[in-house]
Amino acid sequence: MLSRRALIYLGERLVLVAFTAVAVSSIVFLGVHQLPGNAFLSDRRIDPVALQAIMHHYHLDLSLFDQYKLFVSGILRGDLGESLVNRGIPITPLLLREATVSLEVGAAALIFTIGLGMVLGVIAAIKQNSWIDYLATATSVVGYSMPNFVIATVLVLIFAVYLYNWSGGAIYYEIGWNGTYGTLGQISIPAFALGFPYASIVARLTRASMLEVLRQDYIRTAKAKGLSDRIVIIRHALRNALIPVVTILGPLTIGIITGSVVIENVFGIPGLGKEFVQSILSRDYNIVIGVFTFYALAIGLANLLVDFLYTAIDPRIRY
Amino acid sequence: MATAPGVATPEEYVGDTLAREQTSLWADAWRRLRRNRLALVSTFILLLLVVVAIVSAFWTPFPIWRQSVGPTYDPPSLHHLLGTDQRGRDIFSRLMVGAQVSLQVGVGTQIIVAALGITVGLLAGYFRGWLDGIISTIINIFYGIPDLLVALILVLLLGRGLDKIIFAIAVTRWMDMARLVRGQTFALREREFVEAARASGTRPNKILSRHILPNALGPIIVQATFGVPQAILFEAFLSFLGLGVQPPTPSWGAMAADGFHALRIAPHIVLVPAIALSLTLMAFNFLGDGLRDALDPRQKR
Amino acid sequence: MTAPVLQVKDLKTQFFTDDGVVKAVDGVSFDLHPGETLGIVGESGCGKSVTALSILRLVQEPGRITNGQILFKGTDIVTMPDDDVRDIRGKDIAMIFQDPLSSLNPVLKVGYQIEEAMEAHTRISGKVALSRAIQLLKQVRIPAAESRVEDYPHQFSGGMRQRAMIAMGLANKPSILIADEPTTALDVTVQAQILELLRDLNQETKTAIILITHNMGVVAGLCKRVLVMYAGRIVEQGPVEQIFHDPQHPYTWSLLQSIPRLDADRKDRLLSIEGLPPDLIKPPSGCRFHPRCRFRIERCFHDDPSLMDVGPDQAAACWVTMRRALAQDGQARA
C-alpha cells in the first residue's frame, strides 16, 4: 500500500505537526502567563498560606522560564497539567474524551458539508443557468450570510417547537443531550447548523470547478468514445473537479472547529468547544492552553490528510 | 466570493487599469452597479441601517438598559414594536443600538485591517525577497489557526471593551487584505507606468502611493466590503458566547443568546436579532458581489 | 465504386451567441468511401472542426445542427436518438483531437482510458480489455506497451500521447477515424511519424480517415482527396495531386503559395493571405472570399458562386478560377 517513500514523508509530516502543536501552545502559554500569577486562581478570598500552597502546586511560584520548561516537558509526555478550577483533575484525559465527542459532531458536519455542497454544486453546474442552478446559488449566498447559531435556532424552532406542536409530540427534538455521545438524531441538527454555511462554499466551489472541467478537451474525448453522460460526469468530470475542493478541506476543518465552539454551546454538547468557552469564562487557563494544543494537532492532522488525498486523486502530484 | 469565518478564498485578480483610465473605470463601474438590483436593494438596506444606528445614538423609543419598561416575554405589539425580552426591555430600542455596535465593529475592524493589510501587502509585493518571505510566512501561519479562538483568547487577555474587540477581530482577520494587496502589487509593479516611474527615479513610497495603490483600489474596496460582514459575524459569535461587548450594551449576538433559552415561549427574542443580523450580512455580501462584478467585469461568475 | 460509408448533405451548424448567429458550417456536402483518406483544409475558424464535431453530434451549446443530413451507412445521424448516436461514437466513427495532453484525462491511466473505449460498446472482461489495450499500444508502436499501459498521460511524451489517442480511436475497429489537427501540437519530426502511422493503419485496417488540418503539407502526406473550406463552405474539392498541381480556387492557390518550399527560388516572395477570416455572423456578400481575393471581378461582389466542375473529379466555387486568372495575368504582363 504505502511505499517506503510515503512512509518517510508521513513520518516527517507527523513530526512537523507535533512541532507546530508545541509551538502554538507555547505561544498561548507565554501569552497567558503575561497575566499576574494570582489571576490564575479564581478564588480570591483564599488565605495567603493556602494560596501559597496552591501557587506552589501549580508551579506558579517558579520563574516563567522554569514554568515553561515544565510545561514543554509535560506536553512532550502528553501531560497538559491540571485544571485550575476543578483542582486535581488532569486535563489530558478530560480533553481526550471531549475531543472524541467533538470529533463525532465535527465529522458528521464535515461529511454533510462536503456531501450536500458537492451534490448542489454538481447539479448547478450540469444544469447551468436553469432554475436549479439559480436556487442553488441563492441558497449558498443565504447559507454563508447566516450565522450558524441562527440556523441552529431556526432548526430548533422548527423541529423542537413547531413540528412538535403540530404532530402532537410525535416529532420532537431534545436540545442538549444526556450522555457523552449523541445519537444520530441528536447530532443531525447541530451537524446541519455547523455545516450549512460551509456547504454553501463547497457548492459554489464545486460548481465553478465542475464548469471548468466540463469545458475540458478530455470530456469531449470521453463523449467521443461513446460513454454515457452519467459515466462521463462521474468518472471523468467529478474526480477532476474534486481537486480544487480538496484544497479547501484544510480551511474547512478550521472553519468547522471554529463553528463547533459556538454550536456546542448552543446545544450543550460536552465537547472541546464547550470546554473552551467554559474555561475562558471561568479563567481556567491551563485548559485553554490544552484545548488550543488539541486544536493545533487536529488542524495539522487534517492538513496531512488533505495532502495524502491530493496524491490519491491527482497522479500528477507526488510527495 | 465571500466567506464564512475561517475559510479563506483568495481573490487575487488584478485591477488592470492605467491611472488615466481611472475616471471612466469608476463611471463604468457605477453604471454596472446600478443595473444590479440585488446590490441596489442591499445598498438601500445598509443606508437604512446607518440611519438607524445614527438615530439610536440620540433617541430610542425606550431607554435600552431599563428593565421592565413592559411585561417580560411580551410578543410584538403596537406599544413594543418588536416585543420585550426576558427582563422586560424593549427589543426594538435594543435592536437599534445593536446596529450601532455591529456597524462600529464592521467598519472599525476594516479600517484597521485596511491600514495593516495594505501596508504589509504593498511592502511584500513591492520589495519581494526576504521581506516578502517573512510576511508570506506570517500570513500562512495566521491562516493556519482558528481565528475565532484566537480572538476569544485575546478578549480574555485584553478585556471586553468595544475597542478591544475590534482590535481582536482585526488582528485575526487581516490576512485576506494583505494577500490581495500583495498579489496586486506583484502584478502592478511590472506594468509599464510603474517601470517608467522607477526609471525616472521616483522613490518607492511615491510609486506605491501614487501609482500602485490607486490602481489596486477597486479590489481593495471589494475585499473591504466582504470583510465588514465577516467582522460583524465575528462579533456576533463573541457576544453569543458571552464574550462580546459588556452588557447592558446590546449586541445582536448577545440578544440572540439571551433569548435562546426562551425559544419555546418567546421565539421573537431570538428571531428579531437573528433576522437583523442575517439581513445585514446578506446585504453586505450581495453588495460585495455587485461591486466585484462592477469593478472587474472579467471576474463575472 | 462501393457505396459511400458517410454522406454529408447540405450540413449547416450554427452557434447562437449573444452577438448573433454564427454560421460556422454553411451548407457542406461530401461523401466518404470505405477506406478512403480525405483531407479537410482551411484556416482556423473556417468550420472544418465544427464539421467534424457535427458528424458525431459533439457540437457544444450554443451550437446546433440546423440543417442537412449526415448519413452513416444510410442512417441519418442528425435525427437519430441520443442513445443510437452514442453507439456510433467510438465504435463506428472514432475521433482524435488536436492536443493529446488536454484530450486525455490526467487522473486516469492511459490503459484504462483505452479499455474504457472498448467497454463502452462491448461486454468484455477486464483481462481481455487489458491485453487488447496492450496490443493496441503495440500497434501504434509504443515501446514497452506492457508497462506503459499502467502510466498516466503526464508520464508520456507528446508523440506518445497522440499515439495513445490513436490507439483509443482504433479500439473498436471503427470504419471511420476523424483526426482533428492530429499533428499540430507536435514537433516536426514527431508529426511525420504520426502521419506515417496513420497511413500504415489506413492500409492495415482499411479504416477510412478524415484528416482535418490547416496545413496543406500534412494533407499531401496522407490524403488521396481533399476538401478546401472557407467561411463555412467548401470552396474547392478534388484529388490531392490534382489540387496541388492545378488549384482552381484563388483561396486554394494562396494556401499552396503560403507553404514555404525549400526548392523555391529565394527571390519568390512568400505569399500570405492578406486580411482576416470573415465574420461568420455577417458573412460578406457574393463570394465570401472576395474581400481578400486578388483576382476578383465585379460579379464576385454580389453573386455567390457554388461548386462547379473544373476538371475530372475537381470542383471549385469561383467565377474566375485560376486558369483564367493566370491567363489574364499573363496577358496583362505581356
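In helix α7 of chain A, A:Val202, A:Leu205, A:Thr206, A:Ser209, A:Met210, A:Val213 and A:Leu214 meet A:Ala237, A:Asn240, A:Ala241, A:Pro244 and A:Val245 of helix α9. Two residues are in contact here if their C-beta atoms, placed from the backbone, lie within 7 Å. By class, this contact has nine nonpolar, three polar and no charged residues. Ala, Val, Leu, Ile, Met, Phe, Trp, Tyr, Cys and Pro count as nonpolar, Asp, Glu, Lys and Arg as charged, and the others, Gly among them, as polar.

The model is predicted: local features need pLDDT of at least 70, side-chain atom pairs count only at pLDDT 80 or more, and totals for chains, interfaces and linings use all residues. Residues are numbered from 1 along each chain as its sequence is written, while chains are lettered from A and ligands numbered from 1 in the order in which they are written.

**The chains**

- Chain A has twelve helices and zero strands, where helices (H or I, at least four residues) and strands (E, at least two) are DSSP runs numbered from the N terminus.
- The C-alpha atoms of chain A fill a box of roughly 85 × 60 × 30 Å along the principal axes.
- Of the 319 residues of chain A, 41% count as buried; a residue is buried if 20 or more other C-beta atoms lie within 10 Å of its own, exposed if 12 or fewer, and partly exposed in between.
- In chain A, 74% of the contacts between residues at least 6 apart in sequence join residues at least 24 apart.
- Chain B contains eleven helices and zero strands, and 49% of its 301 residues count as buried.
- For chain B, 70% of the contacts between residues at least 6 apart in sequence join residues at least 24 apart.
- Chain C has twelve helices and twelve strands.
- The radius of gyration of chain C, taken over C-alpha atoms, is 21 Å, close to the 20 Å that the globule rule gives for 334 residues, so chain C is as compact as a globular protein of that length. The globule rule is 2.2 Å times the number of residues to the power 0.38.
- The C-alpha trace of chain C spans about 70 × 50 × 45 Å along its principal axes, and 46% of the 334 residues count as buried.
- Within chain C, 64% of the contacts between residues at least 6 apart in sequence join residues at least 24 apart.

**Contacts between chains**

- Of the two pairs of chains in contact, chains A and B share the most contacts.
- On this interface, 38 residues of chain A are in contact with 38 residues of chain B.
- Helix α10 (249-267) of chain A is one of the elements that give two or more residues to the side touching chain B, and α10(A) gives the most, with ten residues.
- The residues on that side of chain A divide into 31 nonpolar, six polar and one charged.
- Chain C meets chain A through 22 residues of chain C and 19 residues of chain A.
- On the side of chain C that touches chain A, the elements giving two or more residues are α2 (82-88), α3 (100-103) and α4 (110-119).
- That side of chain C comprises ten nonpolar, six polar and six charged residues.
- Chain B and chain C do not touch, and their nearest C-alpha atoms are 16 Å apart.

- The axes of α7 (residues 184-214) and α9 (residues 229-247) of chain A come within 8 Å and cross at roughly 130 degrees. Axes are lines fitted to C-alpha atoms, for helices over the stretch in contact, and angles run from 0 to 180 degrees between N-to-C directions.
- α7(A) and α9(A) are therefore oblique to each other: angles under 35 degrees count as roughly parallel, over 145 as roughly antiparallel, 65 to 115 as roughly perpendicular and the rest as oblique.
- In chain B, the axes of α2 (residues 37-58) and α11 (residues 268-295) come within 8 Å and cross at roughly 135 degrees, which makes α2(B) oblique to α11(B).
- Among the residues meeting at this crossing are B:Leu38 and B:Ala39 in α2(B), and B:Leu279 and B:Thr280 in α11(B).
- By class, the contact of α2(B) with α11(B) has ten nonpolar, four polar and no charged residues.

**A buried leucine**

- A:Leu252 lies in helix α10 of chain A and counts as buried, with 27 C-beta neighbours inside 10 Å.
- A:Leu252 and A:Leu110 are 142 residues apart in sequence and 8.1 Å apart in space, C-alpha to C-alpha.
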